[in-house]
Structure formats: C-alpha cells, structure tokens
Amino acid sequence: MKKFTLLGMATVLTCLSLSATAEIKPFEAVEYRQGIFKAFKWNFGPMADMVKGKTEFNAEEFNKRAERMVELGSMPWEAFLAGTYASGTGALPKIETEKDAYNKKIESFEKAIANLATAAKTNDMKNIGPAFGQAGRTCKSCHDQFRD
Ligand code: HEC
C-alpha cells in the first residue's frame, strides 16, 4: 500500500514537472486568454445590468463580482506571447511591437478595476456608477486599439 502511494506520488510529480517545462503551444495561450476574457464578461455583464438598473442592485453580488474582476484582471496578460497572433485570435500582432502602449492600457484597466472594487464597498450607486463607467471605458479603449 505504502509502496503504491509513493509510486503514485512519483507519477504525479513527474507529470507536474513535465507540464512546467513543456513548451506552450500558441493555441493554448490563445484559449487561455480568451477563457479569462470570457470570465471577465461573465462577471462584468451582471454588474453592468445592475448599474443600468436592468436588474435590481444586489450589494453582496456586486461586491463579489468586483473582487473577482480584480483577481481575473491580472490574469490574461501572461498569455500574450510572441507567435500567438496568427490564428484563432482577435488580438492584433501590434501588441507585440507596441508593448509599452499595451502595458499602459493594462495599467489603466487594473487601476480602474481596483477603484471599482473600492467603490463597490460603499454599496452606494453614487460612487459605483462612475467607477463602473470608468472601468468599462478601459475595456473599450484597449479593444479599440488592440483587438480586431
Ligand atoms: C489591455 C487590453 C484589454 C483590456 C483592458 C480588456 N481587453 Fe478584452 N480583449 C483584449 C484582447 C487583445 C482580446 C482578444 C483576445 C484573443 O482573441 O486572443 C480581448 C477579448 C475579449 C473578449 C472575447 C473573448 C472571446 O474570445 O470569447 C471579451 C468578452 C472581452 N475581451 C471582454 C473584456 C472586458 C469585459 C474587459 C473589461 C472589463 C476587457 N475585455 C478588457 C484586450 C483587452
């Protein structure tokens, strides 16, 4: 039994180290970042509905989604790698050549999302509305410049 467990552990460890060193395939990077952006939409959409008054404002849900956006907001960027702009992607290749401009967009987005999470804690639409608008504009501003 003990031997079996050790063997199992060794297998797990081997798999882990393999996946850590295996080369990332372009389509995997594209699917990863698109998946995170889908999660953006999944959370940001219901927040937009509440801000617009399409659904009733639920402070607990809004705060939960705002916190999630802060977490998710740092995740897609590591998958914008050289060689991942050729197929199956809406990301423009100039992300590679205009890195500074792209990073600035990321920075303003992350700032806006952090502000939104802070505003959400007040549970007051007077603060949340403008912070949400600002965050939404940082999505659009990046898409306008760097997405197909
Ligand atoms: C710094 C740039 C940037 C910011 C900020 C940004 N996006 Fe995007 N987004 C992209 C790029 C680039 C793609 C295309 C990714 C691809 O296809 O490889 C994308 C794709 C998407 C997609 C499509 C995913 C799919 O393939 O189904 C959605 C939805 C999306 N973004 C939502 C958002 C939302 C909502 C926000 C703000 C809360 C946001 N994005 C902020 C750059 C950005």
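A: Happy to. Let's start with the crossing itself: helix 2 and helix 3 cross in a left-handed way, where left-handed means that the near helix is turned anticlockwise from the far one by less than a right angle, and clockwise would be right-handed. Helices here are DSSP runs of H or I with at least four residues, strands are E runs of at least two, and both are numbered from the N terminus.

Before going on, a word on the source: this is a predicted model, in which local features need pLDDT of at least 70, side-chain atom pairs count only at pLDDT 80 or more, and totals for chains, interfaces and linings use all residues. Residues are numbered from 1 along each chain as its sequence is written.

Two packed helices are described by the angle between their axes and the distance between the axes. For helix 2 and helix 3 (residues 59–72), the axes come within 10 Å and cross at roughly 150°. That makes helix 2 roughly antiparallel to helix 3. The axes are lines fitted to C-alpha atoms, for helices over the stretch in contact, with angles from 0 to 180 degrees between N-to-C directions; under 35 degrees counts as roughly parallel, over 145 as roughly antiparallel, 65 to 115 as roughly perpendicular and the rest as oblique.

Which residues of helix 2 and helix 3 make the contact? Helix 2 brings Ile-36, Ala-39, Phe-40, Asn-43, Phe-44, Pro-46, Met-47 and Met-50, while helix 3 brings Phe-62, Arg-65, Ala-66, Arg-68, Met-69 and Leu-72. Contact means that two C-beta atoms, placed from the backbone, lie within 7 Å. By class, this contact of helix 2 with helix 3 holds eleven nonpolar, one polar and two charged residues. Ala, Val, Leu, Ile, Met, Phe, Trp, Tyr, Cys and Pro count as nonpolar, Asp, Glu, Lys and Arg as charged, and the others, Gly among them, as polar.

Met-47, in helix 2, is worth a stop. Met-47 is buried because 24 other C-beta atoms lie within 10 Å; buried takes 20 or more such atoms, exposed 12 or fewer, and partly exposed lies in between, with C-beta atoms placed from the backbone. Leaving aside residues up to four places away in sequence, Met-47 touches Phe-62, Arg-65, Ala-66 and Phe-132. Met-47 and Asn-63 are 16 residues apart in sequence, with 9.3 Å from C-alpha to C-alpha.

Helix 3 has another partner in helix 5: their axes come within 9 Å and cross at roughly 160°. That makes helix 3 roughly antiparallel to helix 5, and this crossing too is left-handed. On the helix 3 side are Phe-62, Asn-63, Ala-66, Glu-67, Met-69 and Val-70, which meet Ile-113, Ala-114, Leu-116, Ala-117 and Ala-120 of helix 5. That contact has nine nonpolar, one polar and one charged residues.

In total, 20 residues surround the ligand, the closest being Gln-34, Phe-37, Phe-109, Cys-139 and Cys-142; a residue is near if its C-beta atom, placed from the backbone, lies within 6 Å. The shell divides into ten nonpolar, five polar and five charged residues.

As for the whole, the protein has six helices and zero strands, and buried residues make up 18% of its 148 residues.
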